Amino acid sequence: MLLTKLTWQLYRRFCSLPIADLGSFGGQHPVRQRSILAARLLDQVHYFGTREDALPEWREAARIRQPEELWRIWPSLPVITKDILNSRFEPVSMARRFKLHGRVNATGGSTGEPTRFFLDSHMLRASRGGQLYSRLKMGWTPGMATVIVWGADRDIGKKSPPAQHFARKLYNDRVVPGFAFDDGSVAQVLSIIRAEGPVAIYGFSSLLELLAERVLRLGLQPPPGVVAAAWNGGEMLYDSQVELFRRAFGVPILNRYGGRELSTMAFQDTAGGSLHILRPWLFLEVLDHAGKPSAPGEMGRLIWTSTVSRGTPFLRYEIGDLGTYADGDHDESGIRAIHTLHGRSSGCLRLSDGRAMSCLYWNHLFKDYAEIKGFQVRIQTDGALRVLLTGRPFGQERDRHLRASLQHMLKETPIRFEWTSEIPKTAQGKLVQVVHE
């Protein structure tokens, strides 16, 4: 642990993760906060509005020279949807055209429609900085081991990149593969806790719930204080999960809200509290279906703007989640915190051999197949899987590659792929990625 702390101090000194403005921004007067945000937003508009792939509205807005003037026209700028990103801002050609450094990534969200985007090098640094800042605020300290119950690359037959291995050692992260979860996984978590405590625990909400259930059922609750902090990621967090985990480990699960596009967006520092937005790196609007600002307490669409990204233009980006804000968390500088969230809730799939498989596995797997534009996994009554795919059917070699990756996870579970022109929606018109037939 001492070596980890020393390595961490050297890393912070020489790599200078950019988190200072996250800590200082909240202490500024709202008028000053408004001014800082306006300047950062205008800087983004000037950059993206003068790029060759700019939308016409951005080109017009880029004529503005005074930051405060931007607020007047800001609501008239278009809301960027996933469809717009997919059709207009193709990440590979974007990186080549504008000589961007970084990496292509993708997300499937809760709908099973992969969206590809480009994260530039500065955005990647900010992503690490936001993760660090929120960890510190939620109770983690440098050197403290973090047990991560999460889907690992090896779960889909891949090796993690060397940089990821280095980051895990630096943060003292201990990954317990979570796409398939059983009593062996529980034993692995408890072994790390006994050897490393105090620790932090982080993972998909549904997997932390499974972990707590099995610990309580087996009567293996660790002593008070051995688990110092816990937080979720990737899914919705429910009060019942928070309390179940508290009973098992002595601490509640805090809510850390993020996504592949923007990394950490908001987090709780107390159980049941509002989620603090990572301002000034992010600017949040909550809009109704007509595109008008929602009132405090009124559920609306979460529209995010990154003041950091220089790859994919996340300007008034509709991420696909809903939420509310409280009256006390809003002033002239905008919305400071999210009061309630309504987003992704994937849950788990029970496999025939007794393992529990996170449904987010499919997003993690299919994001590496650019041919797939949409998917839906249909679980049949006999336990077999029927996977509907839209996009560009691939050949035998890609098909074999996909099946080999699935074999690593599904073992003997029968699976059939069907390419189709359209994924069926629910009666409410929503796309759902996993369906029980």
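Me: Why is Lys-99 called exposed?

Reply: This is a predicted model. In it, Lys-99 has a relative accessible area of 68%. Exposed means over 50%. Therefore Lys-99 counts as exposed.

Me: Where is Lys-99, and what stands out about its phi?

Reply: Lys-99 lies in the loop between helix H7 (91-97) and strand S1 (102-107). Its phi is near 50°. That is a positive value in a residue other than glycine.

Me: Arg-316 also has a positive phi, of about 55°, and is not a glycine. Is Arg-316 buried or exposed?

Reply: Buried. Arg-316 has a relative accessible area of 3%, and buried means under 20%. Arg-316 sits in the loop between strand S12 (300-306) and strand S13 (317-324).

Me: What makes H10 and H11 roughly perpendicular?

Reply: The angle does. Their axes cross at roughly 85°. Angles from 65 to 115 degrees count as roughly perpendicular. H10 and H11 are therefore roughly perpendicular to each other. The axes come within 10 Å, and helix H11 covers residues 205-218.

Me: Which residues meet in H10 and H11?

Reply: From H10 come Asp-183, Val-186, Val-189 and Leu-190. From H11 come Leu-211, Arg-214, Val-215 and Arg-217. The residues of this contact divide into five nonpolar, no polar and three charged.

Me: Which residues are linked with Asp-183 in a network of salt bridges?

Reply: Arg-214 and Arg-217. Asp-183 belongs to the H10 side of the helix contact, while Arg-214 and Arg-217 belong to the H11 side.

Me: How many salt bridges does the count come to?

Reply: It comes to 21 salt bridges.

Me: What makes Arg-51 and Asp-53 a salt bridge?

Reply: Their side chains meet at 3.0 Å, N to O. The rule asks for a side-chain nitrogen of Lys or Arg within 4 Å of a carboxyl oxygen of Asp or Glu. The pair therefore qualifies.

Me: Are Arg-51 and Asp-53 buried or exposed?

Reply: Arg-51 is at 5% relative accessibility. Asp-53 is at 7%. The cut-off for buried is under 20%, so Arg-51 counts as buried, and so does Asp-53.

Me: Why is Arg-97 called partly exposed, and why is Glu-52 called exposed?

Reply: Arg-97 has a relative accessible area of 43%. Glu-52 is at 61% relative accessibility. Exposed means over 50%, so Glu-52 counts as exposed.

Me: How many residues apart are Arg-174 and Glu-196?

Reply: They are 22 residues apart. Arg-174 is in strand S4 (residues 173-177), and Glu-196 is in helix H10. Their side chains meet in a salt bridge at 2.9 Å, N to O. Arg-174 is at 30% relative accessibility and counts as partly exposed. Glu-196, at 26%, also counts as partly exposed.

Me: Where is Pro-198, and what joins Gly-197 and Pro-198?

Reply: Pro-198 is in the loop between helix H10 (183-196) and strand S6 (199-203). A cis peptide bond joins Gly-197 and Pro-198, with omega about 5°.

Methods
Residues are numbered from 1 along each chain as its sequence is written. This is a predicted model: local features need pLDDT of at least 70, side-chain atom pairs count only at pLDDT 80 or more; totals for chains, interfaces and linings use all residues. Side-chain values use heavy atoms; hydrogens and water are left out. Helices (H or I, at least four residues) and strands (E, at least two) are DSSP runs, numbered from the N terminus. Buried means under 20% relative accessible area, exposed over 50%, partly exposed in between (1.4 Å probe, protein chains only). Axes are lines fitted to C-alpha atoms, for helices over the stretch in contact, and angles run from 0 to 180 degrees between N-to-C directions. Angles under 35 degrees count as roughly parallel, over 145 as roughly antiparallel, 65 to 115 as roughly perpendicular and the rest as oblique. Contact means heavy atoms within 4.5 Å. Ala, Val, Leu, Ile, Met, Phe, Trp, Tyr, Cys and Pro count as nonpolar, Asp, Glu, Lys and Arg as charged, and the others, Gly among them, as polar.
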